[in-house]
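This report looks at a ligand site first. Backbone and ring details follow.

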Amino acid sequence: MADNNVHVSAHPLVKHKLTLLRDARTEHKKFRELIRELAMLLGYEATADLGLNTFEVMTPLGGAPGFKLQEDVGLVPILRAGLGMVDGIHEMIPGAQVWHLGIYRDERTLRPVSYYNKLPIEPTVQVCLILDPMLATGGSAAAAIDVLKEWGVRRIKFVGLIAAPEGIAVVTRAHPDVPIHLAAVDDHLNEHGFIVPGLGDAGDRQFGTA
Ligand code: PRP
């Protein structure tokens, strides 16, 4: 299943917060806070290999080595559930562009259905982080990667929270060049395509629509 392009965080804070997120007793407000915090932690890990330009910065006492992100970064939340992952990473990369993709999973076929995409014709970023807490069958993530490759972005990373092995297999087979950053890989998908044990429906739990 997993190969060296799948990164599961070993950070204690990630494990601690993911446990609170999974807990069925966690209320919507706390759930949203945890999604935001986990996105920040995973975003930190997912951006560890971004390129830097170097220059000299003047401190009050003289010159010091300075660094600036080399590439323009795009944050691409998959609506709806990915929305909650934007703010935490955006705070760390305030210059990032946010491009929304609307993709939902048909409840009967489990196939992704695209309903929103207003990307401009030419790509405006060099690296994209796709944000979606759940990687279940992998259909939505693979479809989002297809869209971004078609747009012309060469460096794409997927940042999620929980994945099923089945979904990881689908994405890595279709897009072996796209690293996947996660907080956990769970056991399996049930007959409704839900990750088990997972955390339920990440969109409904964030937005109170269960
Ligand atoms: C969920 C989740 C992913 C998708 C994962 O969204 O947030 O986008 O399902 O499933 P997949 O890997 O099998 O494609 P959902 O379709 O429930 O839409 P929502 O976020 O609008 O509720």
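Ala, Val, Leu, Ile, Met, Phe, Trp, Tyr, Cys and Pro count as nonpolar, while Asp, Glu, Lys and Arg count as charged. The others, Gly among them, count as polar. By that scheme, the shell around the ligand holds six nonpolar, four polar and four charged residues. The model is predicted.

**The ligand site**

Which residues come nearest to the ligand? They are R105, D132, T137, G138 and S140, out of 14 residues around the ligand.

| Residue | Protein atom | Distance to a ligand oxygen |
|---|---|---|
| R80 | side-chain N or O | 2.9 Å |
| R105 | polar backbone atom | 2.8 Å |
| T137 | side-chain N or O | 2.5 Å |

How much of the ligand does the protein cover? On its own, the ligand has 500 Å² of accessible area, and the protein covers 88% of that. The ligand takes up the space of the largest pocket.

**Aromatic pairs**

The whole structure has two aromatic pairs. One of them joins W99 and W151. Their ring centres are 5.7 Å apart and their planes meet at 70°, so this pair is edge-to-face. The cut-off for that label is an angle over 60 degrees. W99 sits in the loop between β5 (97-98) and β6, whereas W151 belongs to helix α4. The two residues are 52 apart in the chain, and the pair links distant parts of it.

**Backbone details**

Most residues other than glycine have a negative phi, and most peptide bonds are trans. Where does this model depart from that pattern?

L79 and R80 are joined by a cis peptide bond, with omega about 0°. R80 lies in the loop between β4 (73-79) and α3 (86-92). The side chain of R80 also has an N or O atom 2.9 Å from a ligand oxygen.

Another cis bond runs from V196 to P197, with omega near 5°. P197 is placed in the loop between β15 (195-196) and α6 (202-207).

L110 is not a glycine, yet its phi is positive, near 65°. L110 is found in the loop between β6 and β7 (112-117).

Terms used. Residues numbered from 1 in each chain as written. Predicted model: local features only at pLDDT ≥ 70, side-chain atom pairs only at ≥ 80, totals over all residues. Heavy atoms only, no water. Near = heavy atom within 4 Å. Polar contact = N/O pair within 3.5 Å; in protein donor to acceptor, adjacent residues only side chain to side chain. Areas by Shrake-Rupley, 256 points an atom, 1.4 Å probe, with all protein chains shown as cover. 1 Å grid on protein atoms, 1.4 Å probe; cavity = no way out; pocket = protein on both sides within 12 Å on 5 of 7 lines; lining within 4 Å. Sits in = over half its atoms within 2 Å of the grid points. Phe/Tyr/Trp six-rings, centres within 6.5 Å; stacked < 30°, edge-to-face > 60°. Helix = DSSP H or I, 4+ residues; strand = E, 2+ residues; numbered from the N terminus.
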